[in-house]
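Work through the exercises below with the sequence and the coordinates open beside you, and try each task before reading its solution.

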Amino acid sequence: MPSTSHTDQIVSLRGERELVRRAGELFTGAREEFLCAAADLVTFSPGVNAAFARGRRPPLVPGGLTMRKLYTPRALADAESEARLVRIADSGAQVRISAAPLAHEAIVIDRRVAILAGAPVQGVRTFTVIRTPIAVEGVRALVHAAWETAADLDEFRRARPPALSEEARRVLRALSAGRTDEVTARELGMSLRTYRRRVAELMAALGATSRFQAGLRARELDFGVRDGAGN
């Protein structure tokens, strides 16, 4: 089965290796603007880094290439990922965190090329390279709109709630399930009084005024909380 499909200005590439082989020069050829929007550091970073390693990234200096990288809180899921983001920012790239989900995971280069990442299928993503001007501008507009409402990395790190323990995550998941306090406390092996105190502490940490709002806030911040239906 062929791994690519073509129209005049749209090419689909299967997997990061093919992305780098067929489109790696697009990354290293950026001269004015390099926009990247991704949920985490996994979607694009390995391929982009591999391409830059084979070529040469233009220096990020005033008047030169502007590199903007937009992520969701998932990119700060652990200390190692957070340290990588800080290094990216220290290298001269502008990094922001979007509390809202991103409409697309995309890269836009010099307003002339857009690269969209598809959902992984059996661990492999398909990347669509688009050169149609009106489509590229549309993708850029979406990324730019999300960028404008996102928080600078340093600002987000200062303002975010403290990291949640596994016990706190269990309490939040229990809240989402909608069971009574008595049942939930028993399932978690806590006294009713301790459970209610934990709930109050979590609400305060999340800046929530109700249990429902605490569950919503936890999902917005991607704390691994899902609703009772498992969504």
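A residue counts as buried when its relative accessible area is under 20%, and as exposed when that area is over 50%. The model used here is a predicted one.

**Exercise 1.** Determine which residues of helix H1 are buried, and describe the course of the helix.

*Solution.* Begin with the cut-off of under 20%: in H1, the buried residues are Glu18, Leu19, Val20, Ala23, Gly24, Leu26, Phe27 and Thr28. Next, compare the ends of H1, which spans residues 16–28: the end C-alpha atoms are only 16 Å apart, whereas a straight helix would reach 18 Å. Finally, look along the helix for a bend, and you find a kink of about 65° centred on Arg22.

**Exercise 2.** Find which residues touch the most other members of the largest nonpolar core.

*Solution.* This core has 35 residues, and those with the most contacts to other members are Phe27, Phe34, Phe44, Tyr71, Leu85, Ile107 and Ile115. Its largest share, five residues, comes from H1. Another core, of 15 residues, lies apart from it and includes Ala37 and Trp147.

Key. Residues are numbered from 1 along each chain as its sequence is written. This is a predicted model: local features need pLDDT of at least 70, side-chain atom pairs count only at pLDDT 80 or more; totals for chains, interfaces and linings use all residues. Side-chain values use heavy atoms; hydrogens and water are left out. Helices (H or I, at least four residues) and strands (E, at least two) are DSSP runs, numbered from the N terminus. The expected span of a helix is 1.5 Å times one less than its number of residues. The bend at a residue is the angle between axes fitted to the seven residues ending there and the seven starting there. Buried means under 20% relative accessible area, exposed over 50%, partly exposed in between (1.4 Å probe, protein chains only). A nonpolar core is a set of buried Ala, Val, Leu, Ile, Met, Phe, Trp, Tyr and Cys residues joined through side-chain atoms within 4.5 Å.
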